[in-house]
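Welcome! Have the structure open beside you as you work.

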Amino acid sequence: MSADVHRTTRITRRFAELRDSGEMGIVAYITAGDPSFAATLKFVLAMAAAGADVIELGVPFSDPLADGPTIQRASERALKNGATLVRVIDLVREIRRANSLASEVPIVLFSYYNPVFQMGLEKFAAAASAAGADGVLITDLTPEESEEYRCTLAAHHLDTVFLGAPTSTAERLEKIAACSSGFLYLISRTGVTGAKDALPDDLPALLRRARRVTQLPIAVGFGISLPGHVSVLGGLADAAVVGSALVSEIEKATTANPNAAGIDAAAAALTDRIGSLKDAGRSGLSRRGATANRGEVAT
Amino acid sequence: MVSQFTIPATVPGRFGPYGGRYVPETLMVPLLELERSYEVAKSDPEFQARFNDLLKNFAGRPTPLQLASRLTAYLADSGNGPKIYLKREDLLHTGAHKINNAIGQGLLAVQMKKPRVIAETGAGQHGVATATVAAHLGLECTVYMGTEDMARQALNVSRMRMLGAEVIGVESGSRTLKDAINEAMRDWVTNVRTTHYLLGSVLGAHPYPTMVRDFHSCIGREARAQILAAEKRLPTHLFACVGGGSNAMGLFHEFLKDESVKMVGIEAGGRGNELGEHAARLAAAQGFTGARPGVLQGTYTYVLQTDDGQIATTHSVSAGLDYPAIGPEHAWLADQHRAEYSAVTDAAALDAAQLLARTEGIIPALESAHAIAGVIERTPQFTREDLVIINLSGRGDKDMDTYSRSLGEKP
């Protein structure tokens, strides 16, 4: 196997497949350890089987200042149950070892910086890579502070996903894209994570700005919960990230009924959600197909 | 006196390895805009004139440097007590040093054409200062405050509301200052185009630690001139309480190059050495556990945390010191042994407040009472030649419920 093949993560391969088939990808975020790690394992496999293209595993943090109430509560529940970064990395290993076609789903660890920094960048990158993670996104790390982090993760063949925001200038988007691998994560609106009814009007303009500076696949997140949102993004983005809406399903099903039945109910609800979002993503095909060249969509 | 000690001219916003800018991308452009506006304001005579005018005629600067003669005599009685001066920031409008920074940032908000300011507050002093300046400058104002702090600093909640600010109680985490900052940052990231985050300490992402220090550096400039006028010599020691550390940096900054001047920051020792029982980030030598360098709320500094990087809960009787991280410049000063940091307990702070009230006729804020207690506890180590300035950063009206309880009265 050549070095290049080594360096291609599951993320890059999945986005290439999506591009070939003209589908919008669905990136599914849930908080690891909410309500338990056994449950998260089940949820990840269910969502991957239902068509989730990339899984973002949220590493619970005591002070999630970029998150809205839904993910704050999930983090609190996970921490109460003893979640740690080490345990989240173990979970990745368990997903990879699961006897399921879904076990090869691309996985991004989604964390605040402090837990990763405390483990040590080298130790973290080695452990995450060995466990089978494909990429890492750090909410409160911008390109300026990330040099050592990027070098360390790249040495372990982990993608570094950075966030672009509506407030980012063209110059910053370029820098962010240059630091990113796997995909670029565009935040749809100023704000914290959480489901909203409508996507902001200036989102297409933001996507066009991002397209101009990168060839990377672009995933759009924050406020996306409904198939309609995914349809709107068809032809503009490569993937939609859905998070709080999924975490909400888990909360609904498991707080009422915290036993195995509740966890099964949550898994079923996640399967339904992902299924309907993925259907909308597939119909993105026709809109995408209508334009010969994605570069033209951009301009 | 020429000092070996110089602040390293490294990356802007770094104090040695500490500081930096660890925020969600959405906040980067506003932080860069703030940095630029502040740089312009620093050398803009019009801005400086306006700032100094408000400090003088609205806030009441300069504040006195008062000889605490009866406190001095009391401590001398028990051994080698030093001569003690109090920098009376408690006499400022709104009752604490916080107004200096609130005026500076309020003017910057106007300059940046942001019609709304938000703030976090622990003891309520920064919230009151922000609400006051917002009213004075015609800005809309929202203040986030942990519900635990709202209960113990009820007077300041009423003051903020009377000044027209919206006070939003924060129920998450330990319902104290840290949680109020999280919520303020969530508001800022959402309303960033119209809102300036008027952060109240030398914390957070660059440029806040530098900018907030600069807005408070009038404390040290005045104190240095005042002590030279009164005593014809520099002080031997400076004492200040340190939560985030803005009043301490305000006092220390002007003296950094005076090598003979020892600087002491007093942290909250709470009610025990174990993690969760205190807010002592730099007092590991006294046995306080759980502090290591890490990233919290935008900056790299000493943070009280668990082994796997979760931020610890803290305890202090003083809401303004009840915070798991310390300003990054303090972390650097500690590493360089340019300033030293130690902690005093809740009980020692309460006793010190009582002593100051009886000897000087001044009821200090619980935060400032920690600095008094720090001097009292070191009395045996002083000589009669020592000359101490304590930053009396705030007055104690807001703490009367706590003081009444500690005196055994029903509030």
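Two strands pair if DSSP finds at least two bridges between them. Helices (H or I, at least four residues) and strands (E, at least two) are DSSP runs, numbered from the N terminus.

Before starting, note that this is a predicted model, in which local features need pLDDT of at least 70 and side-chain atom pairs count only at pLDDT 80 or more, while totals for chains, interfaces and linings use all residues. Residues are numbered from 1 along each chain as its sequence is written, chains are lettered from A and ligands numbered from 1 in the order in which they are written, and side-chain values use heavy atoms, leaving out hydrogens and water.

**Exercise 1. Find the neighbours of strand β9 in chain A, and say whether its faces are covered.**

Step 1. Begin with strand β1 (residues 25-31) of chain A: four bridges join it to β9(A), and the two run parallel.

Step 2. Look at the side chains. Buried means under 20% relative accessible area, exposed over 50%, and partly exposed in between (1.4 Å probe, protein chains only). Strand β9 (residues 239-242) of chain A has A:Ala239 and A:Val241 on one side and A:Ala240 and A:Val242 on the other; all are buried, and both faces are covered.

**Exercise 2. Place the strands of chain A in their open sheet and explain what happens at the edges.**

Step 1. The nine strands of this open sheet follow the order β5-β4-β3-β2-β1-β9-β8-β7-β6, with parallel pairing.

Step 2. At the edges are β5 (159-161) and β6 (163-164) of chain A; each has a single partner strand, so one side of each is left without a neighbour in the sheet.

Step 3. β6(A) pairs with strand β7 (residues 184-187) of chain A over two bridges, in the parallel sense. Within this pair, A:Leu163 stands opposite A:Tyr185.

**Exercise 3. Describe the six-stranded open sheet of chain B and the helix that packs on it.**

Step 1. The strand order is β3-β4-β14-β9-β10-β13, and the pairing is mixed.

Step 2. The edge strands are β3 (65-67) and β13 (339-345) of chain B, each pairing on one side only.

Step 3. From one strand to the next, the twist averages 25 degrees. For such angles, axes are lines fitted to C-alpha atoms, for helices over the stretch in contact, and angles run from 0 to 180 degrees between N-to-C directions.

Step 4. Helix α10 (residues 218-231) of chain B packs on the sheet and touches β3, β4 (83-88) and β14 of chain B. The helix direction makes about 140 degrees with that of β4(B). Contact means heavy atoms within 4.5 Å.

**Exercise 4. Classify the ring pair of A:Phe117 and B:Tyr300.**

Step 1. Rings of Phe, Tyr and Trp (its six-membered ring) pair if their centres lie within 6.5 Å; planes under 30 degrees apart count as stacked, over 60 as edge-to-face and the rest as tilted. The count over all chains comes to 18 aromatic pairs.

Step 2. The ring centres of A:Phe117 and B:Tyr300 are 5.3 Å apart and the planes stand at 75 degrees, so the pair is edge-to-face.

Step 3. This pair crosses between chains, from helix α6 (residues 113-119) of chain A to strand β12 (residues 299-304) of chain B.

Step 4. A:Phe117 is partly exposed at a relative accessible area of 26%, whereas B:Tyr300 is buried at 14%.

**Exercise 5. Describe the surroundings of B:Asn100.**

Step 1. B:Asn100 lies in helix α4 (residues 98-111) of chain B, and its relative accessibility of 0% counts as buried.

Step 2. Its side chain makes a polar contact with the side chain of B:Glu89 (3.4 Å). A polar contact is a pair of N or O atoms within 3.5 Å; within protein, one must be able to donate a hydrogen and the other to accept it, and residues adjacent in sequence count only if both atoms are side-chain atoms.

Step 3. Not counting residues up to four places away in sequence, B:Asn100 touches several residues, including B:Phe51, B:Leu55, B:Phe215 and B:His216.
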